[in-house]
Amino acid sequence: MNTFILITTGILGATLTYFVSEHLRLGAVKASALLSLIVGLFFYAFPNLLNIYLSEHLPIVFVGTSFIGMVSSKTLKSYTLLAIAGALFTAIYITKNHVFDGYGGALGALAFIALLTTMGFAFVVSNSTKIKRKVVVVWQKVFGSEN
């Protein structure tokens, strides 16, 4: 259940930040800061509302995924891809939580990795026929055409 709540928070962090930034015209930095402040103050005011694990990790996941939501609308316009990137961020965060201990900028780096992976996968899927054709051309140039 904790994992489901964390993944939902990750999806909300990315999509809400993007929505506030683009549709409410607040700007990426202000949107991320405002939403992160609200979540942080909520858990500061009510630390015992949820179990200790969630109270510790929910604000961190939200802040990290809000970095994903700071993406420009010129770069990414799909809420689906934002949600996937938020879920991927959370999955990596849950499984590799202690790998990033002691490194500054770990949440931003993890957000970058999740967003870039999602965008790359979307690019490959949307251009799969073009990529297949290019692979065939390279294959034929390297190994010759055998018909």
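Biologist: Which residues does Thr15 contact, leaving aside its neighbours within four places in sequence?
Modeller: Tyr79, Leu82 and Ala83. Contact means heavy atoms within 4.5 Å. This is a predicted model, where local features need pLDDT of at least 70, side-chain atom pairs count only at pLDDT 80 or more, and totals for chains, interfaces and linings use all residues. Residues are numbered from 1 along each chain as its sequence is written, and side-chain values use heavy atoms, with hydrogens and water left out.

Biologist: Why is Thr15 called buried?
Modeller: Its relative accessibility is 15%. Buried means under 20% relative accessible area, exposed over 50%, and partly exposed in between (1.4 Å probe, protein chains only). So Thr15 counts as buried. Thr15 is found in helix H1. Helices are DSSP runs (H or I, at least four residues), numbered from the N terminus.

Biologist: Is Arg25 buried or exposed, and what makes it so?
Modeller: Arg25 has 71% relative accessibility, so it counts as exposed. It lies in the loop between H1 and H2. Phi of Arg25 is near 55°, a positive value in a residue other than glycine.

Biologist: What makes H1 oblique to H2?
Modeller: The two pack at an angle of about 130°, with axes 8 Å apart. Axes are lines fitted to C-alpha atoms, for helices over the stretch in contact, and angles run from 0 to 180 degrees between N-to-C directions. Under 35 degrees is roughly parallel, over 145 roughly antiparallel, 65 to 115 roughly perpendicular, and the rest oblique. That makes H1 oblique to H2.

Biologist: Which residues of H1 and H2 meet?
Modeller: Leu16, Thr17, Val20 and Ser21 in H1 meet Ala28, Ala31, Ser32 and Leu35 in H2. By class, this contact has five nonpolar, three polar and no charged residues. Here Ala, Val, Leu, Ile, Met, Phe, Trp, Tyr, Cys and Pro count as nonpolar, Asp, Glu, Lys and Arg as charged, and the others, Gly among them, as polar.

Biologist: Why is H2 called roughly antiparallel to H3?
Modeller: They pack at about 175°, with their axes 9 Å apart. The angle is over 145, so H2 is roughly antiparallel to H3. The residues of this contact divide into eight nonpolar, four polar and no charged.

Biologist: How many residues are in the largest nonpolar core?
Modeller: The core has 24 residues. A nonpolar core is a set of buried Ala, Val, Leu, Ile, Met, Phe, Trp, Tyr and Cys residues joined through side-chain atoms within 4.5 Å. Val71 is among those with the most contacts inside it. Not counting residues up to four places away, Val71 touches Tyr18, Glu22, Leu76, Leu82 and Leu115.
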